[in-house]
Amino acid sequence: MAVAPAVTARACANIALVKYWGKRDASLNLPAAGSLSLALGALVTETTVAFDPELANDVIDLDGQPARADAAMRVTAFLDLVRAQTGVQIRARVTSKNEFPTASGLASSASGFAALALAATKAGGLDLAPRELSILARRGSGSAARSVFGGFVRMHAGVASEDAFAEPVETPLAQRVRMVIAVIGGGVPKQYASRDAMEHTARTSPLYRAWLELVPRDLEAAEGALARGDLEQLGTIAEANALAMHATALAARPGLVYWRPATLAVIGQVRGLRECGVAAWATIDAGPHVKVLTSEEDAPTLAMQLRDIDGVTAVTISAPGGPAAVVET
Ligand code: DP6
């Protein structure tokens, strides 16, 4: 059999405004609750997949280097799911690169697995509908299910086995919002893998149950804010939800502490600017970096203020990103 043609796909990273933190099934990677995110046009992963009968193993190259063993195993396990769906049993060559701000230390399993899901299924001759692609991408990484779509995206927790998928949310805010990303501590690798950290939180945090009760309420309120085009309400929910996620992780035993001094300094600055009428609400994922939801008008002022904070190593303004797409050659 000849080498099947290579397919290249691109997907944007996303930042959750209502976070996914906890699973109801680890083997199928089903989330314990829903989540809501914004796709980021400035953070893109481009991935090329070619199935090749000459290969004895999958060959995986990430950002110009052979993938480390743990990352390679995750990609191969994902390709096995694609092989099971497409019936293509041969190995693949995967080349992936992140077009992220230089030396940002931001990594994205979300954009990575969304681009991989699209490129690998197409290369295997399978044309999945977006919902099916979202379900498949979720198996690679929960947040990747959201990166199949552009703009604001809602992830459904589902109730049975294969019914957890994302879908886009229409809102008048889609054009008006920006995300300012303040990178803290340069390219320091992640302290704990989010997979293990979620499991540890669910098992040991006395606040985990309260967290799971909070998420549906925050989701409903955030969706109301999106429908009304109410940025202030959306930002207020996003900041509170991120703090609640971190409170839950901090209360795990031993506690998960993602923040650095500069993380707190950025949160303080964001709150100070807000008092002065700047649209700015902070959110933080499983790392020290702070992402600030803002408006198109206020983004430049905000970015300038955050650049001056000690320990902030890069600041990028991102507009909302589009859906995962095949790159036509
Ligand atoms: C804090 O999607 O990376 O960014 O499903 O185990 O791969 P896995 O987890 P992942 O977790 C993302 C956690 C988060 C919040 C979010 O993006 O919703």
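## A pair inside helix α4

Let's start with Glu 199, which is partly exposed, at 42% relative accessible area. Keep in mind that this whole model is predicted. Glu 199 has a partner: Arg 203 forms a salt bridge with it, and the closest N and O atoms sit 2.8 Å apart. Both residues belong to helix α4 (residues 194-204), and because they are four residues apart there, about one helical turn separates them. Arg 203 counts as exposed, with 57% relative accessibility.

What lets such partners get together in the first place? Side chains of opposite charge can pair when their charged atoms come close.

## Pairs that reach further

How many salt bridges does the structure hold? The count is 21. One of them joins Glu 46 to Lys 97, with 3.5 Å between the closest N and O atoms. Glu 46 is in strand β4 (residues 35-51) while Lys 97 is in strand β7 (residues 92-99), so this pair ties together parts that lie 51 residues apart in sequence. Is Glu 46 buried or exposed? At 18% relative accessibility, Glu 46 counts as buried, whereas Lys 97 is partly exposed at 41%.

Another pair to look up is Arg 139 and Glu 162, whose side chains meet in a salt bridge at 3.3 Å, N to O. It links distant parts of the chain, 23 residues apart: Arg 139 is in helix α3 (residues 130-140), and Glu 162 is in the loop between β8 (152-155) and β9 (166-168). Arg 139 comes out as partly exposed at 26%, and Glu 162 is partly exposed too, at 32%.

## Around the ligand

Now for the ligand. It is surrounded by 18 residues, and the closest are Tyr 20, Lys 23, Ser 141, Gly 142 and Ser 143. By class, that shell splits into six nonpolar, six polar and six charged residues. Which element gives the most to the shell? That's α4, with three residues.

Tyr 20 has a polar side-chain atom 2.6 Å from a ligand oxygen. For Ser 194, a polar side-chain atom lies 3.2 Å from an oxygen atom of the ligand, and for Ser 109 the distance from a side-chain N or O atom to a ligand oxygen is 3.4 Å. On its own, the ligand would expose 460 Å², and the protein buries 94% of that.

Definitions and conventions. Residues numbered from 1 in each chain as written. Predicted model: local features only at pLDDT ≥ 70, side-chain atom pairs only at ≥ 80, totals over all residues. Heavy atoms only, no water. Salt bridge = Lys/Arg side-chain N within 4 Å of Asp/Glu carboxyl O. Helix = DSSP H or I, 4+ residues; strand = E, 2+ residues; numbered from the N terminus. Buried < 20%, exposed > 50% of the residue type's maximum accessible area, 1.4 Å probe, protein only. Near = heavy atom within 4 Å. Polar contact = N/O pair within 3.5 Å; in protein donor to acceptor, adjacent residues only side chain to side chain. Areas by Shrake-Rupley, 256 points an atom, 1.4 Å probe, with all protein chains shown as cover. Nonpolar A, V, L, I, M, F, W, Y, C, P; charged D, E, K, R; others polar.
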